Amino acid sequence: MFKLSFVTFLCCMLLACGGGGESSSTNNTLPTDNSNNNNSWSPKKPVYSGERETYIISYSNVSETMINIAESLDVLNMLAFGDAYSQFYFLSENSNSIMGDDVSCIGGTVTSKEVEQNKKFEVFYNKCLIDGTEVNGTLRVIINGSKVTVIPNITMLDTSTNEYATINGYFELPNDYTALFYLIMEVDGEQLWFDEVKLNVYEYDSDWGIKYEGDIYISDSGKLTVSTSNIGNKDPSSPNRLTLSISANIEIELVAQLQEYLTFTYSDEYIAVTIPLTGNFDGYSNDQINHAPQAIIFPELLEIDRNLPLNLTAIKSTDPDFDPLTVKWELLSGPDGSQWQVNSDHSVTFSADVPGIYSIKLTVHDLEEEVSSVEGSIRVLKNTPKPSISYVQVDNYIGHDFNAHIALDNDELDGPFEYKLKYGPSNMVVDDNGHVTWDGAIPNFGYDMDVNFAVYIKNSDNFTIIKNSISLKPETVPTLTSITDSTWRSFDFSSFFDSAIIQSTQNISTLYQGGEILSKLALDGTKLEVQHVSLYTNQKNTQYQGIYDANDDGVDDFWFSSVTRNSDNIATSHIFWKDGLTAEEHEFLSMENSGRYLKFRLIDYDNDNQKDIIFSQKAYGDDTKVIDIKSKVIKKTIDRFYFDYTRACDFNGDGYTDFAYANRVLDYNNDETLYYVNTSASILTIDSNADGICEVIDYNGAQVTWHSLLGDNSSMTLLEGYDVLSDQVVGKFYDDGFEELVVSYRDSSENFATKTLIIKIDNLQTVAVETISREKPTSFQSPLNLVAVLDVDGDGIDEIIRKEAVTGSEFTQQRFFATKLSEGTFREVFNSNTLKSNIYKFVNWTSTGELFYFGTYSERYIASVKESFEPQILLKDQNIRSVSIENSELFSYLWSGSKSLSKIDLAYSEYWNSNVTTDNSFDFKNFGEFLLSLGSSSNDNLINASTGEIIYEVPSVDSNKYSKYDISPHSGLPKYIASRRSKSLLKIKPDLSVEVLYDSISGELMNEAEDYSFVQYDNDEQMELIIYNHIHLGREYKILDTVTLQLEPIDSLHNTIINNENITDDEIVPCFKWDKECRNLIYLNSSSLEGHTNTGTNRSLKVVDKYTGTIIWQSPELMADDIAFRKVGNKIEVAISVEGGFIYTLN
């Protein structure tokens, strides 16, 4: 076999691998100069005298052959291109070109000569000794344009071994990318002939590399043909790999990766041979000593679930001589009764049916029958549980027992199994047989409620989690009961036409106030009552904007807008209507890629006795659409519609609705202004002929004028010379169906007394003016007291609805009242109860149904109410800060100064007075046995609730954190407190002394924390503390044992990665009282929609698992300031405090 290592080394030196030196002299004797001999400058194919038959690749020579082919291609690459393309497999990169003349001879000489300027060059070697090798001969280079021809005639002698080598023939470089070789290298009589071997640098798309094509002859072995099937990738991050097809008596695919490895497969009987090209590899060894192989089983970790295939391979096995290896696999042992399958091949597939340990053996043989064996243990695991869940009930209802069963598609060999609740609602239980039970206790909001839970199922080897969501239906429509006697909703006239709607059904008119809450002012018997029509909705970011019977059932339905955003923060606008009878919500329209604005009105635009919907998604009403409410066909597009109109009516008789504003009338159908007055005047509108055609009344303080916009736009002066007030209204004040104008003015002849006129216009021509009186004229001076003009009792005559302050009460109160024209006088005919505005905080809810609440607005007081009873004011004091119930007795805590905190009972008896230093941002928390006074910058104080003694001053370590405390929820002492601002864990002992268990000084654990919460993690008596780290750290958690102060081990049931979005620091309670493990946080969160933050009072009640951040269940959006719960059996009753002083119970 041809030896290339010597040639490779010599060629590297020949082509100037070294640097110049003093020994490179031209004074020594030169070889005979035959440069003028034309034959010596003519390239000729060398004479090959060796074997020309097909090369025989055998088991014994295949590795040596592949190595020599790779080495020879590296030599050709080096001779042709130097290191221009860095595509060597064995060789390190050569930094010099073939034209180098800086070869350093230790002895002898090397001389270069330019024979013909810029065309012919010659290098002479005369006994040039380089690192023990003597070089003689000539190297000629011919340059003809871009073509270069190299003619070597070189002899090299290894002076230590007397091995010699010669290089003859020539090679051509037609361009920078191509080389063609007709070259013979001979070592000790063995020839290696490159017969028309072509090298081509190839680049196309991502392909990049050098292609090799041609025949190679070896004098004692014969002919090999080399061709390239795949080349590398120009991407520097991709492996630079070449695939060669070597054709001889057999065809072998040789894969070579630069400076990494060669790999090939001799036949299917043997495993692939991999030859490293790195480290100390020094070519193929011919020391005639056979070395034993090494058997290696791959992969190293032998684990597989039962009945699943495990792929094993012997391909990683090695042989120092790079011999192809045969393989034998044996299974030595396995569990009793087990069955397995394994085939004997390079790579095998193993599978077994019984879990346990199996012993397997791999044996490899080389050419000389040297043997290597290795044993491995395969652990066959029990299969992962494969659960499915079924419900016992066909339908699931709120407040009804829920039962489910988890079935496993596993046999007994995968057991036994352990079941645990991963997350779920309070009181849900999973038993040892996979039965899930729950009392179904969640609040009934009148909607289907999705409840999420997950069960963790484990055997000794694997676990799985089955996640499930059940939809609980409301069995009954919930009862919404107002339990306060003092409530308020503004119905502000200044925004009346923007958010209020007058709806007439069966001749009775009702005033609705839209917005986030839909309220109405209506007559109930003889009383005007404010009622919340809708306190919650199943949609997000809602605004009520219209009333219309959508399903023709004779009951008004409530129309509202909703804007949602997806995870990419792209908004979608929706219009819904809520059934006024069943409270079911139906989507009418949705528009993607919308803005956050959506305004609409329900108007009969073209007077076809059918409502149309006018809506815009723009802030200023741009691009407004008019849509038929039945067919959803767009009737008209309006460039800009102004939604703050005062009346919608046909003014010009064209059959389309026009719109009146404060000082103008617009015809959107014809895009024109029908009427306009300057800003110092104002207009009213009137249908004086009861024909559906309206007219305009304008007034400027001295004159009142009527204008018809029909035909020639006739006008009439109604009043002139009067000191007209702005308190003017239009309505049907007689029973003839016509509208009249009521005007107030100051009578200068009677000392500027206020008088009232009613003006009637007959047949658009005659003006009739009548002086009338008011029962309480002093109450009507301000137009801001006006709420609306409408027929609340359905008798065909309008009432004027106003509001007024009520004096003489210990509370600031207001009321609504209605006046009607009767016998020439406006008399009060209906009124509401006195109403007051407040904000309530809930104190307690007793088992007898008595709810204590605390008014916290301008007037502070404690009140209680029982179902069906009027609320009772128990104590009123401006300084009340908190309320507690101790042994069924109610106490309050008064803060009367910067250092004075006192505890009193309902009889005002003082139990103690304590000097507590705090700042003006004082807040107060009541935890039963002890109290917390909180300041924004000062230290906080723990106070004995029985004595008023300050038992501990909590330091302010991190002033950037507000004073949030988490208290262990179990009753009695000791209690544990985790403080976010002081970064400490405190223990309140039964004697109310305080022990600092953990703080930022004694350890980093509390320092790293972003938030805390207590939970019953294990089966011991005390609660553990979940410590959540910062959000930017990935929001993981740790669990601290509050007794040992050691971190609890986290098992596979409790994954420490949680949902960042749902675990925040604004929970209203750490868990429900009936949640024994305290595993669910309760939020009243305004960020109820992912990617969208609500505004105003829209909030969603969320119950969130502390371990995973999973939302267990989520309420519709509530218009709530405060909320309280009590559980009675399977029912959860909710108390909701609504802005404006309403308290409702929902059950």
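Trainee: Where does Pro 416 lie?
Mentor: Pro 416 sits in the loop between strand E22 (402-408) and strand E23 (418-423). Strands here are DSSP runs of type E with at least two residues, helices are runs of H or I with at least four, and both are numbered from the N terminus. The peptide bond from Gly 415 to Pro 416 is cis, with omega near -5°.

Trainee: Which other peptide bond is cis, and what is its omega?
Mentor: The bond that joins Phe 298 and Pro 299 is cis, with omega about 5°. Pro 299 is found in the loop between strand E13 (273-276) and strand E14 (303-305).

Trainee: What kind of model is this, and how are residues numbered?
Mentor: The model is predicted: local features need pLDDT of at least 70, side-chain atom pairs count only at pLDDT 80 or more, and totals for chains, interfaces and linings use all residues. Residues are numbered from 1 along each chain as its sequence is written, and side-chain values use heavy atoms, with hydrogens and water left out.

Trainee: What is the average pLDDT of the protein?
Mentor: The protein averages a pLDDT of 82, and 85% of the residues score at least 70; pLDDT is the predictor's confidence in each residue, from 0 to 100. Over residues 12-38 the pLDDT is below 50, and this stretch has 59 contacts in the model beyond near neighbours in sequence. Residues 94-101 are also below 50, with 21 such contacts. A contact means heavy atoms within 4.5 Å. Where pLDDT is low, the predicted coordinates should not be read in detail.

Trainee: Why is Cys 1078 called buried?
Mentor: Buried means under 20% relative accessible area, exposed means over 50%, and partly exposed is in between (1.4 Å probe, protein chains only). Cys 1078 has a relative accessible area of 0%, so the residue is buried. Cys 1078 lies in the loop between strand E77 (1067-1069) and strand E78 (1080-1085), and has a positive phi of about 50° although it is not a glycine.

Trainee: What makes Phe 322 buried?
Mentor: Phe 322 has a relative accessible area of 13%, so it counts as buried. Phe 322 has a positive phi of about 60° without being a glycine, and is placed in the loop between strand E15 (310-313) and strand E16 (326-333).

Trainee: How do you know that Asp 461 and Arg 379 form a salt bridge?
Mentor: A salt bridge is a side-chain nitrogen of Lys or Arg within 4 Å of a carboxyl oxygen of Asp or Glu. The closest N and O atoms of Asp 461 and Arg 379 are 2.6 Å apart, and the pair forms a salt bridge. Asp 461 lies in the loop between strand E26 (449-458) and strand E27 (463-472) and Arg 379 in strand E20 (residues 371-381), so the pair ties together parts that are 82 residues apart in sequence.

Trainee: Why are these two called partly exposed?
Mentor: Asp 461 has a relative accessible area of 23%, so it is partly exposed. Arg 379, at 34%, counts as partly exposed too.

Trainee: How many salt bridges does the structure hold?
Mentor: The structure holds 31 salt bridges. One of them joins Lys 420 and Glu 418 at 3.3 Å, N to O. Asp 606, Asp 608, Asp 612, Asp 628 and Lys 635 are linked in a network of salt bridges.

Trainee: What makes a set of residues a nonpolar core?
Mentor: Its members are buried Ala, Val, Leu, Ile, Met, Phe, Trp, Tyr and Cys residues joined through side-chain atoms within 4.5 Å. The largest nonpolar core has 66 residues, and those with the most contacts inside it are Ile 57, Met 66, Phe 81, Phe 181, Phe 194, Leu 199 and Ile 246. The largest share of this core, 11 residues, comes from H2.

Trainee: Which residues is Met 66 in contact with, leaving aside its neighbours within four places in sequence?
Mentor: Met 66 is in contact with Ile 57, Ile 246, Ile 252, Leu 254, Leu 262 and Phe 264.
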